[in-house]
Amino acid sequence: MAPGLRRARPLLAVPRFPGGTTRGCAAEPAGVRWRWHRPAASLPRQGPAIAAASGPQAAAASPGTAARGGGCRSAARAGRREMPKLRGEAFWRETLRSAHYVVAPMVDQSELAWRLLSRRHGAQLCYTPMLHAQVFLRDANYRRENLYGEACPEDRPLIVQFCANDPEVFVQAALLAQDYCDAIDLNLGCPQMIAKRGHYGAFLQEEWDLLQRMILLANEKLSVPITCKIRVFPEIDKTVKYAQMLEKAGCQLLTVHGRTKEQKGPLAGVASWEHIQAVRKAVSIPVFANGNIQCLSDVEECIRKTGVHGVMSAEGNLHNPALFEGRNPLVWEMAEEYLEIVQKYPCPLSYVRAHLFKLWHHTLQVYQQLREELAKVKTLEGIVDVNRELKLRCQEEIANQKEGEKPKEGLPFFHWICQPYIRPGPKERCKENGASGTEKGVRGKRALEEEEDGNAELLSKNKQKKKLRNPNKSFDPSLKPKYAKCDQCGNPKGNKCVFNMCRGCCKKRAFKETADCPGHGLLFKTKYEKSLSWQSSQRVIQTPEISRRGAVDVGETAALEEAGDSAV
C-alpha cells in the first residue's frame, strides 16, 4: 500500500477517474477504493470559508464555479483568501520567485504564446497585455479571449495589467481576474494617443487623489497584491514623491519606465536611470526598471547602477526573445519555435504577423517582396510558408558569403541574427524621408502624416502605399466631403434621421420616447403598437371562449338539478 493511503469504506463516495483510478492513486485493484489520508494532527485548520467551499456541495451550490473547475478550485480560492496576503519584499521573493528578468506588458504582443517562448529563453516573470477594465468587466468574450482561455500552468508567475480611471470599475474587473494571476497591475505608463482619449495610463499621473483611491480600494478588496507601472516626471523630486504616494496607498511593487510621457516614438530618446535610482532609494517596496534594455549586459548594468530588483524589457524582447539568456540566435529558430507554440495555443493572426515583422525586421529590409507577402498573407499556414522562404534565402546567402565579409548597414550582426533595433530619432527619420536635416526642418512621423499636399516625398509610408493603389487619391482635407454633425456627440448624423442625430444617439432617444426613425431603421413605436394590437386581439379571442364555457357549465348544472328532482 502506498504511504499516506488507507482503505476506505465500500460505500464512501470517492471521485473515480477513467482507467479505474482515483485522485492521487495508481492503478486500482478491482473492488478496492483508496483515498488520500493524513493524520488529523497534520491537517490545516479549516475556517468557515474553506469548509463551506469544499466538497461536491460547493459545486452544486455554485454552477458558475463548477463550470470553471468545481468545488476543488472554489476551495482553493477560499483557502487563498484565508491566507495572509504577502507584501513588498516577501511578495517579490516568494510569489514572484525573486524574478530579475521580466517581459513587459505589450498591447497585442505579450499574449500567451509569446510569454511561453520568452519563459523558455530566460524570462522569469511575464505580464499580460494591457486589458481595458471597463470592457473586461462587461464582456465575457473579452475575458475568455484575453485571460480565462489562456490559463496555463507553465505561465506563472503572471501579473495581469489593467488600464482604468474609475476605482469601482478597476476593482470589480480585478476581482474577476485575481484567481488567474499572482498580482494585478495598474497601468500608469501608457503614453499613446488612445490613452489620452480614454483618460488612462500616463495621463493620470497628475491626478494623485484618484490614484490613491484606486489603489487603496484595490489593496483592501483584492486577495492578490496591487502593483503599478509608471513613467517619470522631468523632475526627479516630483517622481520620488509620486512613487512614495503610490507606496503609501498600498502599491506592493513599482515598475519605473525612465521616460516621460512625451518621450515616445521618434522622440523616445534615452531613459533616465537616475530617476529610477532615486525612486529605488526612496521606497521600501521592490522596484523594476524599464528602458534602455537591448541585451543582457544592459540588464546587468542597470541592476548595478540603479539597485533595482529586476529589469523589464519590451522592444528588446520582441526583437530577441533570448535576450535574458545572453544569446543572439538565428532568427528562423525563434520564429519556428514561436509558430509551433501558436499552433498549440492559437492567437489572432495579427499578433503573429506583428511578431514576425519584429523578429525579421532587418532581413525584411533586404527582401522587400517577402515583406509584402507577409503583410498580405491571411492564414497561419501562409505565414509559415513565408517564414520558410525567408529561412531558405538567408541560408543561401550564408552559403555564398565571402570570408571576412562584415554586416552591412552598420549592424552588429548579420541581418539573419536576432539583434536589437535602434529606433531612429527625428533627425534620422527626417533624412530617410528626404527632408532637411537642420534642426528647424526636423519632421517627425506625425508631421509627415499631416502634410496637406500630394507630394509623395512628404507623405508617410502608409499614405504612399495608398497613393500607389489609387493614384487619384488626394490627402488634402479641404477636398474631403463635409458631413453634418450629430446634435449630441458630433459624429456624422444620418441624412434621413428624424432627430438629426447619429445612429447611436438616435437609438437612445427613439427608445426613450418610443418613437420611430425610418432613416435609421428604428421602429420602436410601430413595434409597440403592434404588440398592443396583438394583445387586444388575444383578449377578444379568449372572451367568447370564456362565455361559451360559462354557458356549458350553467347547462350542466341545470341538468343535474333536474335529474335529482326526478330521482326524489
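## Aromatic pairs and a buried arginine

The structure, a predicted model, holds eleven aromatic pairs. Rings of Phe, Tyr and Trp (its six-membered ring) pair if their centres lie within 6.5 Å; planes under 30 degrees apart count as stacked, over 60 as edge-to-face and the rest as tilted. Two of the pairs are set out below.

| Pair | Distance of centres | Angle of planes | Class |
|---|---|---|---|
| Phe 162 and Phe 170 | 6.5 Å | 80° | edge-to-face |
| Phe 233 and Tyr 242 | 5.2 Å | 75° | edge-to-face |

Phe 162 and Phe 170 are both buried, as are Phe 233 and Tyr 242. Buried means under 20% relative accessible area, exposed over 50%, and partly exposed in between (1.4 Å probe, protein chains only). Phe 162 and Phe 170 also belong to one aromatic cluster, together with Phe 136, Tyr 142, Tyr 148 and Tyr 180.

Arg 119 lies in helix α6, which covers residues 112–120; helices (H or I, at least four residues) are DSSP runs, numbered from the N terminus. Its relative accessibility is 14%, so Arg 119 counts as buried. The side chain of Arg 119 comes to 3.4 Å from the backbone oxygen of Arg 156. Beyond the neighbours within four places in sequence, Arg 119 is in contact (heavy atoms within 4.5 Å) with residues including Gln 124, Leu 125, Cys 126, Glu 154 and Arg 156.

Residues are numbered from 1 along each chain as its sequence is written, and side-chain values use heavy atoms, with hydrogens and water left out. In this predicted model, local features need pLDDT of at least 70 and side-chain atom pairs count only at pLDDT 80 or more, while totals for chains, interfaces and linings use all residues.

Definitions and conventions
Helix = DSSP H or I, 4+ residues; strand = E, 2+ residues; numbered from the N terminus. Polar contact = N/O pair within 3.5 Å; in protein donor to acceptor, adjacent residues only side chain to side chain.
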